Amino acid sequence: MVMLAVVVKASSRGPFLFRQNRIGRNGEEFAVLKFRTMYSHNENNLGALVTRSGDSRVTSVGRWLRKWKLDELPQFINVLTGDMSLVGHRPDMLKYMQALSGQDRNILHFRPGITSPASLRFRNEEKELAKVPAEEMEQFYVSNLLPQKIRMDLDYAERATFLTDCHVLLRTALSILWHRG
């Protein structure tokens with residue numbers, strides 16, 4: 001992680017870590033940690049909160065980190081502090097979590113995680129978002145992708161066991177190791 005931090009810092013101006021408030025268990029906000037994959041706000045502050053393939057705000061090192069999911073490594077600190085677990089729904093921003101309704105809001109009873117069945121299914125979410133016109137991207141995310149992810153992860157969370165979590169972790173490792181383009 002130290003080597004990755006040096007590479008991120010050397011590749012573009014700004015901090016090597018990206019911190020963003022996300023919503024965790026019981027609706028509590030916490031700062032999720034990632035390696036910075038985009039130009040710092042001072043260099044390029046325009047654009048949506050979600051990203052799509054080909055987003056010009058993503059650095060060349062950032063594209064590589066995202067491809068191999070290495071930008072997520074600092075979230076192990078979030079796991080150690082108790083804000084996240086290894087397996088659980090991906091924490092999202094308040095703006096998006098407030099859009100949840102009905103039973104989808106039950107996801108807030110669970111601790112978010114680094115990986116989940118929905119993370120595996122939507123591993124290439126940026127490519128799906130690239131198919132949508134830029135001005136409709138956030139709305140598509142909130143009305144289409146987010147509810148699918150929440151329902152998939154909520155279904156999993158309600159029946160999760162240690163063994164099923166181990167299976168998700170193994171599938172995650174395999175998806176990273178055998179990721180193609």
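Because the model is predicted, local features need pLDDT of at least 70 and side-chain atom pairs count only at pLDDT 80 or more, whereas totals for chains, interfaces and linings use all residues. Residues are numbered from 1 along each chain as its sequence is written, and side-chain values use heavy atoms, with hydrogens and water left out.

The protein chain holds eight helices and four strands, taken as DSSP runs numbered from the N terminus (helices H or I, at least four residues; strands E, at least two). Read from the N terminus, the order of the elements is α-β-β-α-α-β-α-β-α-α-α-α. The radius of gyration of the protein chain is 16 Å, close to the 16 Å that the globule rule gives for 181 residues, so the chain is as compact as a globular protein of that length; the radius is taken over C-alpha atoms, and the rule is 2.2 Å times the number of residues to the power 0.38. The C-alpha trace spans about 45 × 35 × 35 Å along its principal axes. Of the 181 residues, 42% count as buried, that is, under 20% relative accessible area with a 1.4 Å probe, protein chains only. Among contacts (heavy atoms within 4.5 Å) between residues at least 6 apart in sequence, 66% join residues at least 24 apart.

Two packed helices are described by the angle between their axes and the distance between the axes. For helix α1 (residues 2–11) and helix α2 (residues 60–67), the axes come within 9 Å and cross at roughly 150 degrees; axes are lines fitted to C-alpha atoms over the stretch in contact, with angles from 0 to 180 degrees between N-to-C directions. The two helices are therefore roughly antiparallel, a term for angles over 145 degrees. From α1, Leu4, Val7, Val8 and Ser11 meet Val61, Trp64 and Leu65 of α2.

Two single residues complete the picture. Val168 belongs to helix α8 (residues 162–177) and, at 2% relative accessibility, counts as buried. Beyond residues up to four places away in sequence, Val168 touches Val87, Thr115, Ser116, Pro117, Leu120 and Tyr156. Glu29 lies in strand β2 (residues 29–35). Leaving aside neighbours within four places in sequence, Glu29 is in contact with Asn21, Arg22 and Ile23. Glu29 and Asp92, 63 residues apart in sequence, are 9.8 Å apart in space, C-alpha to C-alpha.

Terms used. Angles under 35 degrees count as roughly parallel, over 145 as roughly antiparallel, 65 to 115 as roughly perpendicular and the rest as oblique. Buried means under 20% relative accessible area, exposed over 50%, partly exposed in between (1.4 Å probe, protein chains only).
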